[in-house]
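Good morning, and thank you for making time for this item.

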Amino acid sequence: AAERDYREALRVAEKNDHLENIAAFTTNLAQFALDREQWAEAESLAREALVLGEKVGRQELIAGDCDRLAKALVKQNRNLEEALFMSRRAVEIFTRLRSPNLQSAQETQAEIEEKLKEK
């Protein structure tokens, strides 16, 4: 039900051309896709949300979207170099913001680094 509500909120935000809300709702939809383990959809939504987050300049959105994109890529075991770049960016921003999401981003970074060592 929450996902349905976010999709409706996104539709309204797009109709009103409210970029900040579009970015936030797209971010939330990317998280729902991650939670459902729909990695390709999560990747696509996270990429879209990241572009929007950068346009509005919200650092917490940018960091979160970098982290979600890194997670989606590592779960697909593809583009691991890009995943590492995104993960490092998330960790750097979360560190600067003193975010409670830092530990999760650091765990994602460690997982990516481990997969890269295996290659």
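Read along the sequence, the protein then shows the pattern α-α-α-α-α-α. That is six helices and zero strands. Please keep in mind that this is a predicted model.

Let me turn to the overall dimensions. The radius of gyration is 14 Å, close to the 14 Å that the globule rule gives for 119 residues, so the protein is as compact as a globular protein of that length. Along the principal axes, its C-alpha atoms fill a box of roughly 45 × 30 × 20 Å. Of the 119 residues, 41% are buried. Among contacts with a separation of 6 or more, 56% join residues 24 or more positions apart.

I now come to one helix pair. Two packed helices are described by the angle between their axes and the distance between those axes. Helix 5 covers residues 80-97 and helix 6 covers residues 102-118; they pack at about 155°, with axes 9 Å apart. Angles over 145 degrees count as roughly antiparallel, and helix 5 and helix 6 are therefore roughly antiparallel to each other. Their crossing is left-handed.

Which residues make the contact? Helix 5 contributes, among them, Leu84, Val91 and Phe94, while helix 6 contributes residues including Leu102, Ile112 and Leu116. The residues of this contact comprise ten nonpolar, five polar and four charged.

Terms used: Residues numbered from 1 in each chain as written. Predicted model: local features only at pLDDT ≥ 70, side-chain atom pairs only at ≥ 80, totals over all residues. Heavy atoms only, no water. Axes fitted to C-alpha atoms, helices over the stretch in contact; angles between N-to-C directions. Helix = DSSP H or I, 4+ residues; strand = E, 2+ residues; numbered from the N terminus. Parallel < 35°, antiparallel > 145°, perpendicular 65-115°, else oblique. Left-handed = near helix turned anticlockwise from the far one by under 90°. Contact = heavy atoms within 4.5 Å. Nonpolar A, V, L, I, M, F, W, Y, C, P; charged D, E, K, R; others polar. Rg over C-alpha atoms; globule rule 2.2 N^0.38 Å. Buried < 20%, exposed > 50% of the residue type's maximum accessible area, 1.4 Å probe, protein only.
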